[in-house]
Amino acid sequence: MPDHHTYRLLADAVLVAHFSVVVFVVGGLALVFIGNIRRWRWVNSLLFRLAHLVTVGIVVTQAWLGELCPLTVLESWLRRQAG
C-alpha cells in the first residue's frame, strides 16, 4: 500500500500533466497563428492539428456535459489519499 508521500507525488504528477494539457489547448491555437505568420510548416501538419482538435473537443464536450475533467477527479482522489 503506497504511503502518503507516494500519493502526494502522484497527485503532483497529475497536476503537471493537467497543466500540460491546458498549455497545449491554449498555446496550440496561438502556435497555429504565429506559425503561419512565420511559415512554420509543422503547425499545419495533420498530426498536430488532429491532436489539438481532439484535445479541444474533449474539453468542450466535458464543459457542455457539466462533467469534471478526469484529471481533476484523479488528482483530488490522490490528494485525499495523501491526507
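The legends below describe views of a predicted model of one protein chain.

**Figure 1. Overall fold of the protein chain.** The predicted model contains 3 helices and 0 strands, and the order along the sequence is α-α-α. The radius of gyration is 17 Å, well over the 12 Å that the globule rule gives for 83 residues, so the chain is more spread out than a compact globule. Along the principal axes, the C-alpha atoms occupy a box of roughly 50 × 30 × 15 Å. Taking contacts between residues at least 6 apart in sequence, 63% join residues at least 24 apart.

Figure 2. The accessible surface is about 6300 Å². Carbon and sulfur atoms account for 72% of this surface. Buried residues make up 20% of the 83 residues in the chain. The chain carries 7 positive and 4 negative charges. The mean position of the positive charges lies 20 Å from that of the negative charges.

**Figure 3. The largest nonpolar core.** Five residues form this core: Tyr 7, Ala 11, Val 14, Leu 78 and Ala 82. Helix H1 (4-37) and helix H3 (70-82) each contribute at least two of the core residues. H1 gives the most, with 3 residues. In soluble globular proteins, nonpolar side chains tend to be buried together.

**Figure 4. Surroundings of Ala 82.** Ala 82 is one of the residues of the largest nonpolar core. Setting aside neighbours within four places in sequence, Ala 82 makes contact with His 4, Tyr 7 and Arg 8.

Figure 5. His 18 is part of helix H1. The relative accessibility of His 18 is 18%, under the 20% cut-off, so this residue counts as buried. When residues up to four places away in sequence are not counted, His 18 touches Cys 69, Leu 71 and Thr 72. Helix H3 spans residues 70-82, a range that includes Leu 71 and Thr 72.

**Figure 6. Val 56 in helix H2, with Val 26.** Val 56 sits in helix H2, which covers residues 46-65. With a relative accessibility of 27%, Val 56 counts as partly exposed. Val 26 is 30 residues away from Val 56 in sequence. In space, the C-alpha atoms of Val 26 and Val 56 are 9.0 Å apart.

How values were computed. Residues numbered from 1 in each chain as written. Predicted model: local features only at pLDDT ≥ 70, side-chain atom pairs only at ≥ 80, totals over all residues. Heavy atoms only, no water. Helix = DSSP H or I, 4+ residues; strand = E, 2+ residues; numbered from the N terminus. Rg over C-alpha atoms; globule rule 2.2 N^0.38 Å. Buried < 20%, exposed > 50% of the residue type's maximum accessible area, 1.4 Å probe, protein only. Contact = heavy atoms within 4.5 Å. Areas by Shrake-Rupley, 256 points an atom, 1.4 Å probe, with all protein chains shown as cover. Lys, Arg positive; Asp, Glu negative; His and termini not counted. Charge placed at Lys NZ, Arg CZ, Asp CG, Glu CD. Core = buried A, V, L, I, M, F, W, Y, C linked by side-chain atoms within 4.5 Å.
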